[in-house]
Amino acid sequence: MEDFSAKFVSQKISKTRWRPVPAAALQPPELFATGSWDNEENKISIWSVGDFGSLEDAPNGEYQGEPQLLCDIGHQGDVMDMQFFDQERIVAASSTGSVTVFRHHQNNQTLSINQRWERAHYHMNPDTHSYGGASCTGVICNNPEIVTVGEDGRINLFRADHKKAVRIIENADSSTLHAVTFLRTTEILTVNSIGQLKIWDFREQRNEPSQIFSLTGDRIPLHCVDRHPSQQHIVATGGQDGMLSIWDVRQGSMPVSLLNAHDAEMWEVHFHPSNPDHLFTCSEDGSLWHWDASMEVSEKPSFFHQGGRSTTFLSHSTNQSVISAWLNNNPTKDRMEITNLVPNQTLSVNSLDVLGPCLVCGTDAEAIYVNRHLVA
């Protein structure tokens, strides 16, 4: 924890996301957003980890202080998921079933509602024909498109500045959809509460998945999914049993690797966007793990500052590509170094995000942790 700065925020944090850095920019991210849950009033908040004041007294000229709150705004219901749409807009998914786009006004540091799709997700009572809210559980953005999924099994395709959905797949799933990611511009992948992955191609008019993958007969709910940033056929998922599953969607219908991970539900999984041989997971058990599948772990300077408990599997032959570490059917033959970055955490780590040398996570302990020095 020595590399983390902590900020106690008096709110349970459900989601944390870095604001994207412009493609041409070389500096690390300086702003992130948080969403809260299970509070009397939930909020979307914008924080800065940029340099403040004089740096004369700071070691190495680096600002080491805690994140600074820039602005916040109330949010109806729990924040179930959240994504930056662009440099100014944030899309938030609510337990009420609504989807809201917030705009961050950087000239005066305020947040406002830019757009809202009420009742994007809902249950209908067939007897009374009345509507009840269903949680919007997942959102993913690929400008100008926004895709949402929910506990109603519905998939919505929105476009920014359009008042109505562009496409709705009403009964996409008979079970709760927990998360969604883009595979390609026209394809998304969803995970559900019975352990299935489904690929949907928006070019097809029929409301059926183009492919279905599933864990073995256990039907263990999957909670999170992330796509490898450069190898689009490689997907990582985590679920109720805390296992990390690696899938190759080009072949078979089952995961290529199952790795023992957390002792409770895995809430999020993220490949490092520019160094995808590094992966991060967080869990209800209070842990935040860094998985290092790069080959020369013992021979190179550490890519990340290490801290806490570390487990190392046996090394594998160095003539394999880095990516094969994620696709190997028996990952224990590979070298995989796992580090718990927050070893003293007791309550759930609900969310994490990583960008460049920076990592942020949010917890049920009403704290945000930021590490700006992942790169050694």
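Is phenylalanine 158 buried or exposed, and what is its relative accessible area? Phenylalanine 158 has a relative accessible area of 3% and is therefore buried, since buried means under 20%. The model shown in these views is predicted.

**View 1. Tryptophan 117 and phenylalanine 158 form a stacked aromatic pair.** In the whole structure, a search finds 8 aromatic pairs. Tryptophan 117 belongs to strand β9 (residues 110–117) and phenylalanine 158 to strand β14 (residues 155–159), so the pair ties together parts that are 41 residues apart in sequence. Tryptophan 117 has a relative accessibility of 4% and so counts as buried.

View 2. Tryptophan 18 and phenylalanine 32 are both buried. Together with Trp47, Trp18 and Phe32 form one aromatic cluster.

**View 3. Two charged side chains lie over aromatic rings.** Lysine 12 is placed over the face of tryptophan 37, at 5.6 Å from the ring centre. Arginine 119 has its charged end over the ring of tyrosine 131, 4.6 Å from the centre of that ring.

View 4. With a relative accessible area of 12%, glutamine 11 is buried.

**View 5. The largest pocket has a lining of 43 residues.** Its volume is about 1,400 Å³. Of the lining residues, Arg17, Asp81, Gln83, Ile140 and His270 lie nearest the centre of the pocket. Several strands contribute at least two lining residues each: β2, β6 (79–84), β12 (136–142), β16 (177–184), β20 (222–227), β24 (266–271) and β29 (349–355). Which strand supplies the largest share of the lining of the largest pocket? Strand β12 does, with 6 residues. Sorted by class, the lining of the largest pocket consists of 22 nonpolar, 10 polar and 11 charged residues.

**View 6. The second largest cavity holds about 30 Å³ of space.** Rolling a probe the size of a water molecule over the atoms shows where empty space is left. Across the whole structure, a search finds 2 cavities of 30 Å³ or more. The second largest cavity is lined by Phe85, Arg89, Val91, Val101, Asn114, Gln115, Ile146 and Ala160. Strands β7 (89–94) and β9 each give at least two residues to this lining. By class, the lining of the second largest cavity has 5 nonpolar, 2 polar and 1 charged residues.

Methods. Residues are numbered from 1 along each chain as its sequence is written. This is a predicted model: local features need pLDDT of at least 70, side-chain atom pairs count only at pLDDT 80 or more; totals for chains, interfaces and linings use all residues. Side-chain values use heavy atoms; hydrogens and water are left out. Rings of Phe, Tyr and Trp (its six-membered ring) pair if their centres lie within 6.5 Å; planes under 30 degrees apart count as stacked, over 60 as edge-to-face and the rest as tilted. Buried means under 20% relative accessible area, exposed over 50%, partly exposed in between (1.4 Å probe, protein chains only). Helices (H or I, at least four residues) and strands (E, at least two) are DSSP runs, numbered from the N terminus. A charge sits over a ring if NZ of Lys or CZ of Arg is within 6 Å of the ring centre and within 35 degrees of the ring normal. On a 1 Å grid over the protein atoms alone, a cavity is a set of points where a 1.4 Å probe fits but cannot get out, and a pocket is an open set with protein on both sides within 12 Å along at least five of seven lines; lining residues have an atom within 4 Å of a point. Grid points are joined across faces, edges and corners, and a volume is the space filled by probe spheres set on the points. Ala, Val, Leu, Ile, Met, Phe, Trp, Tyr, Cys and Pro count as nonpolar, Asp, Glu, Lys and Arg as charged, and the others, Gly among them, as polar.
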